[in-house]
Each structure stands twice: as structure tokens, then as C-alpha cells.
Amino acid sequence: MLLESSFIPLYERNKKNKPFIEIKKEKIGEKKPFIIAGPCSIESYEQLYFAAKVVKNRGAQALRGGAFKPRTSPYAFQGLKEEGLKILHQIGKEFDLITVSEVLDSKDIDLVARYTDVLQVGSRNMHNSSLLKELGALRHPILLKRGFAATYQEFLYAAEYILNKGNEKVILCERGIRTFETYTRNTLDLNIVAAIKELSHLPIIVDPSHGTGKRSLVLPMARAAIAAGAHGLLIEMQPDPEKSISDKDQTISPEEFEQMMDQIHRVHQAIVS
Ligand code: PEP
Ligand code: MN
């Protein structure tokens with residue numbers, strides 16, 4: 001048995017290297033920011049189709065949509081489950097977009113892996129080490145969201161559970177933490193972007209949608225995340241945000257998404273040149 005003090009964790013063994021994860025033909029951490037966008041929940045074929053069209057036309061690489069939803073209330077919409085995953089798979093193929101969806105429970109791993117390219121572990125499951133271990137046996141990339149009360153060390157150890165089972169494709173995602181502030185849903189901790197670059201080779205993307213909980217704050221925080229050096233963004237966007245079944249207050253419109261893509265492109269140009 002390895003004593004913790006006697007070895008270097010996998011998350012920091014290659015920290016001198018640039019992060020590099022290949023998904024289909026996209027290389028995360030290399031050049032362009034990796035943008036994942038789409039509705040919080042997959043609600044219907046039409047809703048996801050129109051979101052995908054916007055994602056593709058604006059040059060983003062990945063389409064998201066929850067089919068298994070971790071809701072605070074057990075009475076809230078829990079997702080379309082397999083039916084939702086089928087919709088995501090079909091539309092992802094049609095638009096040639098990478099697909100991302102959350103896996104809530106170990107028993108659903110095979111199902112979610114059958115239909116999606118990237119499996120998301122939500123904030124509430126970051127501490128679920130048995131789920132993380134099982135995801136370590138997959139070859140699919142894992143989008144690991146930070147627990148809303150997790151330290152950087154806890155977050156990196158959660159990644160380590162996946163890495164040390166042999167899956168090297170872990171993408172970290174800052175999605176805000178719980179603080180004393182109540183105006184915003186969470187407090188987006190952008191320190192983490194620079195800190196992770198000192199601590200690990202893993203790519204880190206930022207989710208200003210859950211990180212703020214407010215539509216009006218998504219654009220400025222998306223710009224700030226890219227300026228801080230984030231390797232990408234996760235954005236909740238759909239054709240008619242006010243009609244979203246979940247997370248409507250933080251879901252942006254296609255027009256706002258278009259503005260965001262233009263602005264972050266310019267911020268990115270400014271920091272790489
Ligand atoms: C989501 O991405 O829709 C989600 C539920 O995120 P989180 O786990 O960060 O709350
Ligand atoms: Mn959401």
C-alpha cells in the first residue's frame with residue numbers, strides 16, 4: 001500500500017506540460033477556448049435542435065443538456081433520462097458537435113456513455129468516490145465539476161480517483177462555491193484558474209451560469225474567465241430562456257451567446273498575442 005507522502009499524485013506529475021485532451025478532433029487546452037453550451041435540461045427535440053444550431057453557427061465545439069438532473073427538490077423535473085440522451089445523441093451527430101451530459105448514478109454509466117462523448121460529474125457528486133472510481137475505468141473524457149464547498153485539494157483528489165484508475169481525460173470545471181453572499185447563486189472563484197495551472201496539468205474550464213445564477217452576469221464573468229486563462233467555458237443557453245424548466249434565471253439567449261462568443265474571442269486574442 002502506498003503511503004500518501006511517498007508518491008506524487010498523478011494530477012501533478014505532468015504539471016510542466018500544457019494540458020492536452022483530445023476529443024474527436026478537438027484539442028482542449030491547445031488553442032481556442034473549448035466552449036460547451038446548451039440548455040440546463042433537455043426538454044424536447046425542438047428545444048435542443050435550435051440550441052444546437054446556435055452552438056454550431058457561433059463556432060462552439062460542444063452541445064450540453066441534462067437528461068438526469070440533480071434537482072434540489074425531489075418534486076422538480078428530474079430529466080427525460082434515456083429519451084433525452086437519444087435526442088442529444090441524434091442532434092449531436094447531425095451537427096457534428098461533441099456531446100456532454102451528466103451521469104448521476106453508477107448504475108447509469110453505461111447508458112450515458114453509450115449516447116454521449118463526455119460524461120459530466122455534477123457538483124453534488126464530486127465527493128462520490130465510488131462513482132469517480134467507476135468513471136476511471138472508462139475511456140470517455142470526464143467533465144468534473146467542483147463541489148460547491150470543496151477546496152482545491154479536495155477537487156484535485158476527486159480528479160485523482162479517476163486518473164488513478166487509468167482514465168487520463170479529466171477536465172476540471174469551476175462552477176462557483178457557496179459563500180455568505182446571497183445576491184448571486186454562488187460565488188465564482190476565478191482564483192482557481194491560475195491556481196490549478198500551478199498545481200496540475202489538467203485543463204480547467206469555467207461555468208459562469210451556475211457560478212452566478214444570473215443571466216446578466218454570465219457575459220462579464222465569461223470574459224473574466226477567459227482573461228484569467230480558462231481553457232474553456234460551460235454555458236447554459238437556449239432559444240427561449242424564460243421557458244426553461246430548470247435554471248431559467250441563468251440561461252442566456254442565442255443573441256447573448258453570439259455577443260459572448262464575439263467578446264471572448266477578442267479577450268482570448270488579447271491574452272495569447
Ligand atoms: C448543470 O450543469 O446543469 C448542473 C446541475 O451543474 P452543477 O452540478 O454544477 O450544479
Ligand atoms: Mn443547470
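Tutor: Contact here means heavy atoms within 4.5 Å. The model is a predicted one. With that cut-off, and leaving aside neighbours within four places in sequence, L172 is in contact with L144, F155, L156, A159, I196, L202, P203, I204 and I205. L172 also belongs to the largest nonpolar core, which has 65 residues. L144, L172, L233, F257 and M260 are the residues with the most contacts inside that core. Helix α6, residues 152–163, gives the most to this core, namely six residues. Apart from this core there is a second, separate one of 14 residues, including I98, V100, I171 and L234.

Next, the ligand site. Ligand 1 is surrounded by 13 residues, and the closest are R64, Q120, S123, K145 and R175. Sorted by class, this shell holds seven charged, four polar and two nonpolar residues. In the side chain of R64, an N or O atom is 2.8 Å from an oxygen atom of ligand 1. On its own, ligand 1 has 300 Å² of accessible area, and the protein covers 97% of that.

Two individual residues remain. Y115 lies in helix α4, residues 109–115. Y115 counts as buried because its relative accessibility is 13%, and buried means under 20%. Beyond its neighbours within four places in sequence, Y115 is in contact with E82, L85, K86, H89 and T99. With E82 there is a polar contact of 2.8 Å between the two side chains. Y115 and S101 are 14 residues apart along the chain, and their C-alpha atoms are separated by 9.0 Å.

H201 sits in the loop between α7 (191–199) and β9 (204–206). Its relative accessible area is 16%, so H201 is buried too. Not counting residues up to four places away in sequence, H201 touches L10, Y11, N14, K15, N17 and P19. One of these, Y11, has its backbone oxygen 3.3 Å from the side chain of H201.

Notes:
Residues are numbered from 1 along each chain as its sequence is written. Chains are lettered from A and ligands numbered from 1 in the order in which they are written. This is a predicted model: local features need pLDDT of at least 70, side-chain atom pairs count only at pLDDT 80 or more; totals for chains, interfaces and linings use all residues. Side-chain values use heavy atoms; hydrogens and water are left out. A residue is near a molecule or strand if one of its heavy atoms lies within 4 Å of it. A polar contact is a pair of N or O atoms within 3.5 Å; within protein, one must be able to donate a hydrogen and the other to accept it, and residues adjacent in sequence count only if both atoms are side-chain atoms. Accessible areas come from the Shrake-Rupley method with a 1.4 Å probe; for residues, only the protein chains shown count as cover. Ala, Val, Leu, Ile, Met, Phe, Trp, Tyr, Cys and Pro count as nonpolar, Asp, Glu, Lys and Arg as charged, and the others, Gly among them, as polar. A nonpolar core is a set of buried Ala, Val, Leu, Ile, Met, Phe, Trp, Tyr and Cys residues joined through side-chain atoms within 4.5 Å. Buried means under 20% relative accessible area, exposed over 50%, partly exposed in between (1.4 Å probe, protein chains only). Helices (H or I, at least four residues) and strands (E, at least two) are DSSP runs, numbered from the N terminus.
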